[in-house]
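Welcome, and thanks for taking a look at this one with me. Please open the sequence and the model side by side before reading on.

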Amino acid sequence: MASNTCTFHILTLFLFLFFICFPLSNSIDFNYPAVFNFGDSNSDTGNLVAGLGEHLDPPNGQIYFQRPSGRFCDGRLIVDFLMDAMDLPFLNAYLEAIGAPSFRKGCNFAAAGSTILPATASSVSPFSFGIQVAQFFRFKARVQELQAKSSKYAKYLPAQDYFQKGLYMFDIGQNDLAGAFYSKTFDQILASIPSILSEFEEGIKRLYDQQARNFWIHNTGPLGCLAQNMAKFGTDPSKLDELGCVSTHNQASRLLNLQLHALSKKLQGQYPDANFTYVDIFTIKSNLIANYSRYGFEQPIMACCGYGGPPLNYDSRVACGQTKVLNGSSVTAKGCNDTTEYVNWDGIHYTEAANQYVASQILTGKYSDPPFSDKMPFLLKLKF
């Protein structure tokens, strides 16, 4: 472990110096006609629920939507706040067929539990990154087919040039790491990161070949600070980091992020006619957890909706809103009284209040490479 830690720090230092010397050159422009999103539960607006025929129980969705909305949250996600900032409607899920959803301003392919690597029989979601990219290709082909038939679909479907002018957003990779800790050693997990990112790179290149030119890539947050991982892997105080979170999980997140940042730079150099923006979600979320009281929160790690009480209020056997029989007694994972006091919603996902904070920090432009503070007039459209 000692030699591995040394190697980790050397690589970290090298990549940090690389990023300082060679920032991404192109800059983001927020005047997009449409957004196409790929990812996991951090940005899923209903795909997993619709795709598997499942449902979420209240109090999911209680804050903004007044009902479960397909989001693993009490309200809105980061992607919802970003769509608002761009003066675009919330993204409809690709797999949600009910309610005549409009895809005029984009489409969401993200599905909770998804990984970058291909899904296996034990995966939570079958909709891995490669599948999501394939779904986009079918979506695009079907749009073109319908547009060629009749103009009556125009108000529901993106115009042809939206596929080149639109923004392609990505927030995926968390589950590749989190799931691996249940079956692999720390060294094996670190060694798997290049293959994870190779799969991601392949998907990006396929999208580029289909006219995608504007790429917005979120890195992975501090996995070790999720109550789910604290409950399973954080029982030994000697294995916690400066945030009081599981050290190995956060180290793995950092290494994935460093290599993802390097990949973003590589792709920008490879495709000078495209724009790649790398967004440092890890730093934003880590800062929130470390300084939670400064931002009006009272609980940085404990789940708002869960079972078991302090310090984590998380039990993997009872998901938020569910009632189960444990040890002969019926128990329910209930929501807290005031979700705005909590960073974490259900032990895995963030509350709407935390998502709003993260989105507000993204929109400062300070946590992106390249930074985009010179593009800030669009912030006047903020609705939150």
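Here are some numbered notes on this predicted model, grouped by region.

1. Let's start with helix α4, which runs over residues 129-149.

2. Which residues of α4 are buried? They are F129, Q132, V133, Q135, F136, F139, K140, V143 and L146. These residues cover an arc of only 155° around the axis, so they lie on the same side of α4. An α-helix has 3.6 residues a turn, so residues three or four places apart point the same way. On the other side of α4 you will find R138, A148 and K149, which are exposed.

3. Now for the aromatic rings, where the count comes to 31 pairs. One of them joins F136 and Y168 edge-to-face, with 5.6 Å from centre to centre and 80° between the planes. Because F136 belongs to helix α4 and Y168 to strand β3, this pair ties together parts that are 32 residues apart in sequence. F136 has 0% relative accessibility and therefore counts as buried; Y168, also at 0%, counts as buried too.

4. Another edge-to-face pair is made by Y182 and F233, at 5.2 Å centre to centre and 75° between the planes. This pair links distant parts of the chain: Y182 is in the loop between α6 (174-180) and α7, while F233 is in helix α8 (residues 227-233), 51 residues away.

5. Next, have a look at helix α3 (78-85). How many of its residues are buried? The count is 8 of 8, namely I78, V79, D80, F81, L82, M83, D84 and A85. They pack against β1, β3, β4 (214-218), α10 (281-290) and α11 (352-362). After α3 comes D87, which has a positive phi, near 60°.

6. D74 deserves a stop of its own. Its place is in the loop between α2 (47-52) and α3. Is D74 buried or exposed? Its relative accessibility is 1%, so D74 counts as buried, the cut-off being under 20%. Beyond its neighbours within four places in sequence, D74 is in contact with P59, G61, Q62, I63, Y64, T339, W345, T351 and E352. Take E352 from that list: D74 and E352 are 278 residues apart in sequence, yet their C-alpha atoms are 6.1 Å apart in space.

7. Helix α10, one of the elements that α3 packs against, is itself mostly covered, with 7 of its 10 residues buried. These are I281, F282, I284, K285, S286, L288 and I289. K285 also lies over the face of Y350, at 4.2 Å from the ring centre.

8. Finally, here is another charge placed over a ring. The charged end of R213 sits over the ring of Y208, 3.7 Å from its centre.

Technical notes: Residues numbered from 1 in each chain as written. Predicted model: local features only at pLDDT ≥ 70, side-chain atom pairs only at ≥ 80, totals over all residues. Heavy atoms only, no water. Helix = DSSP H or I, 4+ residues; strand = E, 2+ residues; numbered from the N terminus. Expected span 1.5 Å × (residues − 1). Buried < 20%, exposed > 50% of the residue type's maximum accessible area, 1.4 Å probe, protein only. Arc of directions from axis to C-beta. Contact = heavy atoms within 4.5 Å. Phe/Tyr/Trp six-rings, centres within 6.5 Å; stacked < 30°, edge-to-face > 60°. Lys NZ or Arg CZ within 6 Å of the ring centre and 35° of its normal.
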